[in-house]
Amino acid sequence: MQKFSYHCHTDFSDGHNTIDEMLNRAEQLGWEEIGISDHLIVHKNVKQSLSWPRWEKSPNNHVYYSDFKKATDDFCRHKEDVLKAAKGRNIKVRTGAEVDYFVYDGWKEEFQEFCRQTELDYYISGNHFLQPDHGNNILDMKERELLPGEEIKKLLSFHFDCICQAIESKMFCFIAHIDYARKNPLCGNNDFALEKKKVIACLKHNKIATELSTKGLRKTGEYYPTEWMLSEIISRDIPLVISDDAHKIEELGFDFTEAEQCLQAHGCQNRWYYK
Ligand SMILES: [Zn+2]
Ligand SMILES: [Zn+2]
């Protein structure tokens, strides 16, 4: 039974609980380790996005940054807070971030500088947005109304391309929710199968792990990734880690027993953990 999670959020980003509350709960669960991976979302044109008016009204509007300078300062402070909260506990606490990988010119170099300055223990990549105009713009993943369907389909296809670029960058220890795009009504479980298979092939080729996320189960009744993708991932012996993607204490370790059984039933032999 996996007694850790490297994918969870605190009220520093869009979680509901403080760092202390999350660590208390993880200790209660008897976990060996926990990684705090709050969102890093930095896009130069986030405030020009067609989706910005909606994001701006959200209680979590502070998660959107338009420059790395402020994000770097905030994450340095956050890391100190995590380390302070971790002191004297019976659990190993790691500092991380769940990163939206954007592909416009210059983003990657700025992110590398962010990594040098913050020195977090690890990064996972989780792409939550569509990236119009070759990545120079950003749009809500659920967007369906603002653009014609054919445009959205092109953006969905490009979204999987961006995930491949994140994998190929080798900057991430695992890739979160690779079929998160099913949040968009134009991306059903069997749509974009070629693109999804390309992501899986890319994981294999670059020897990068991915997650079995119980958040999918909580939110949609089905894991991320969906059944056929999970089968393909396991048959190709790609390393897997179970994640809860917890945004509150009740979600830590959510359905881990079922997830373990699911991996066993599929004959999964290759599990990822922080070395
Ligand atoms: Zn995510
Ligand atoms: Zn997450």
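This is a predicted model: local features need pLDDT of at least 70, side-chain atom pairs count only at pLDDT 80 or more; totals for chains, interfaces and linings use all residues.
View 1. A disulfide would need the two sulfur atoms within 2.5 Å. Cysteine 8 itself is buried, with a relative accessible area of 0%.

**View 2. Cysteine 262 and cysteine 268.** Here the nearest cysteine sulfur to that of cysteine 262 is in cysteine 268, 9.2 Å away, and cysteine 262 takes part in no disulfide. Cysteine 262 is buried too, at a relative accessible area of 13%. By the 2.5 Å rule, the count of disulfides comes to 0.

**View 3. The zinc ion (ligand 1) and its donors.** Take a look at the three residues that coordinate this ion at 2.1 Å: Glu98 through OE, His128 through NE2 and His177 through NE2. Along the chain, these donors follow the spacing E-x29-H-x48-H. Glutamate 98 sits in strand S4 (residues 92-99), while histidine 128 is in the loop between strand S5 (122-125) and strand S6 (129-130), so this pair ties together parts that are 30 residues apart in sequence. Glutamate 98 and histidine 128 are both buried.

**View 4. Glutamate 98 with two zinc ions.** Now bring the zinc ion (ligand 2) into the picture: 3.2 Å separates it from the zinc ion (ligand 1). Glutamate 98 coordinates both ions.

Note on methods: Residues are numbered from 1 along each chain as its sequence is written. Chains are lettered from A and ligands numbered from 1 in the order in which they are written. Side-chain values use heavy atoms; hydrogens and water are left out. Donors are N, O and S atoms within 2.8 Å of the metal (3.2 Å for Na, K and Ca); water is not among the atoms, so sites may look incomplete. Helices (H or I, at least four residues) and strands (E, at least two) are DSSP runs, numbered from the N terminus. Buried means under 20% relative accessible area, exposed over 50%, partly exposed in between (1.4 Å probe, protein chains only).
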